[in-house]
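Hello,

Here is the structure I promised to pass on. Please open it first, then read my notes below.

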Amino acid sequence: MSLLIVSVVILRLHRTIPVAAADITLCDVDSSDLCVVTFGTDFLDNMIINFQLPDADYPAFYVRASNRGNINDYPCEVVRAASTSVYCSGARTPLGEYIDMEIFATNGDALIARGRLVVSALVRITPPVDLAVTLTPTPESTLTNLTGTPPAP
């Protein structure tokens with residue numbers, strides 16, 4: 001019985017985590033592997049890497065990226081509204097420079113993918129609704145409350 005359980009666990013791991021590290025590329029029309037949709041920045045000036053997953057069952061991962069000899073880890077979050085979209089954030093890479101990326105499964109640190117891409121553009125990214133806090137003005141949040149002085153009439 002225990003042999004059967006061990007076999008099922010091993011088969012599930014092989015199905016979930018690819019055996020060989022895949023190449024990371026920029027996404028195109030027919031992308032069927034892990035790929036980068038865009039590079040961007042958030043309101044804190046962190047670099048955001050938006051990945052497209054091949055399917056919703058892709059293992060959770062983080063990115064280890066290097067540029068100019070600096071190595072940084074980028075934690076990643078799946079977008080709940082689009083389960084094949086992942087945002088990873090970390091240290092910013094200058095425009096026009098290469099970023100070397102290695103993608104590791106969070107469960108077991110297995111290398112999933114790797115690649116070298118040029119950061120040719122940075123889009124200002126607003127986090128998806130489920131990752132952002134929405135601020136709605138209220139009658140109480142007037143200029144007086146924000147600055148401490150009333151506005152001139």
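How many disulfides does the count come to? The count comes to two disulfides. Please keep in mind that this is a predicted model. More on the disulfides follows, after a word on confidence and layout.

**Confidence**

The mean pLDDT of the protein is 76. Of its residues, 68% reach 70 or more. Two stretches need care. Over residues 3-16 the pLDDT is below 50. That stretch has three contacts in the model beyond near neighbours in sequence. Over residues 129-153 the pLDDT is also below 50. Here the model has twelve contacts beyond near neighbours in sequence. Where pLDDT is low, the predicted coordinates should not be read in detail.

**Layout**

The protein has two helices and eleven strands. Along the sequence the pattern reads α-β-β-β-β-β-β-β-β-β-β-β-α. Buried residues make up 28% of the 153 residues. Take the contacts with a separation of 6 or more: residues 24 or more positions apart account for 56% of them. The protein exposes about 10100 Å². Carbon and sulfur atoms supply 58% of that area.

**The disulfides**

Number the bonded cysteines in sequence order and the pairing is 1-2, 3-4.

Cysteine 27 pairs with cysteine 35, and their sulfur atoms are 1.9 Å apart. The angle about this S-S bond is 95°, and the link is right-handed. Is cysteine 35 buried or exposed? Cysteine 35 is buried, with a relative accessible area of 1%. Cysteine 27 is partly exposed, at 25%.

Cysteine 76 is joined to cysteine 88, S to S 2.0 Å. The torsion about the S-S bond of cysteine 76 and cysteine 88 is about 110°, so this disulfide is right-handed. The pair links distant parts of the chain, twelve residues apart. Cysteine 76 sits in strand β7 (residues 76-79) and cysteine 88 in strand β8 (residues 82-90). Both cysteine 76 and cysteine 88 are buried.

**The five-stranded sheet**

An open sheet of five strands runs in the order β1-β10-β9-β5-β6. Its pairing is mixed. Which strands stand at the edges? They are β1 (22-23) and β6 (70-74). Each has a single partner strand, so one side of each is left without a neighbour in the sheet.

β1 pairs with strand β10 (residues 111-118) in the parallel sense, over two bridges. Alanine 22 has alanine 113 in β10 as its bridge partner.

Methionine 101 is in strand β9 (residues 98-105). At 1% relative accessibility, methionine 101 counts as buried. Leaving out residues up to four places away in sequence, methionine 101 touches a list that includes Ile24, Val36, Phe39, Ile49, Phe51, Val63 and Leu117. Methionine 101 and arginine 64 are 37 residues apart in sequence, yet 5.8 Å apart in space, C-alpha to C-alpha.

Asparagine 67 is in strand β5 (residues 61-67). Why does asparagine 67 count as buried? Its relative accessibility is 12%, and buried means under 20%. A polar atom of the asparagine 67 side chain lies 2.7 Å from the backbone oxygen of tyrosine 98.

Strand β3 (residues 35-41) is mostly covered, with five of its seven residues buried. Here are its pairings, one by one:

- Strand β2 (residues 25-26) runs parallel to β3, joined by two bridges. Threonine 25 stands opposite cysteine 35 in β3.
- Strand β4 (residues 47-52) pairs with β3 in the antiparallel sense, over six bridges. Phenylalanine 39 stands opposite isoleucine 49 in β4.
- Strand β11 (residues 123-124) pairs with β3 in the parallel sense, over two bridges. Threonine 41 has arginine 124 in β11 as its bridge partner.

β3 and β4 also form a hairpin, with five residues between them. In the turn, aspartate 45 has a positive phi of about 70°.

Best wishes

Methods. Residues numbered from 1 in each chain as written. Predicted model: local features only at pLDDT ≥ 70, side-chain atom pairs only at ≥ 80, totals over all residues. Heavy atoms only, no water. pLDDT = per-residue confidence, 0-100. Contact = heavy atoms within 4.5 Å. Disulfide = S-S within 2.5 Å. Buried < 20%, exposed > 50% of the residue type's maximum accessible area, 1.4 Å probe, protein only. Helix = DSSP H or I, 4+ residues; strand = E, 2+ residues; numbered from the N terminus. Pairing = 2+ DSSP bridges. Polar contact = N/O pair within 3.5 Å; in protein donor to acceptor, adjacent residues only side chain to side chain. Areas by Shrake-Rupley, 256 points an atom, 1.4 Å probe, with all protein chains shown as cover.
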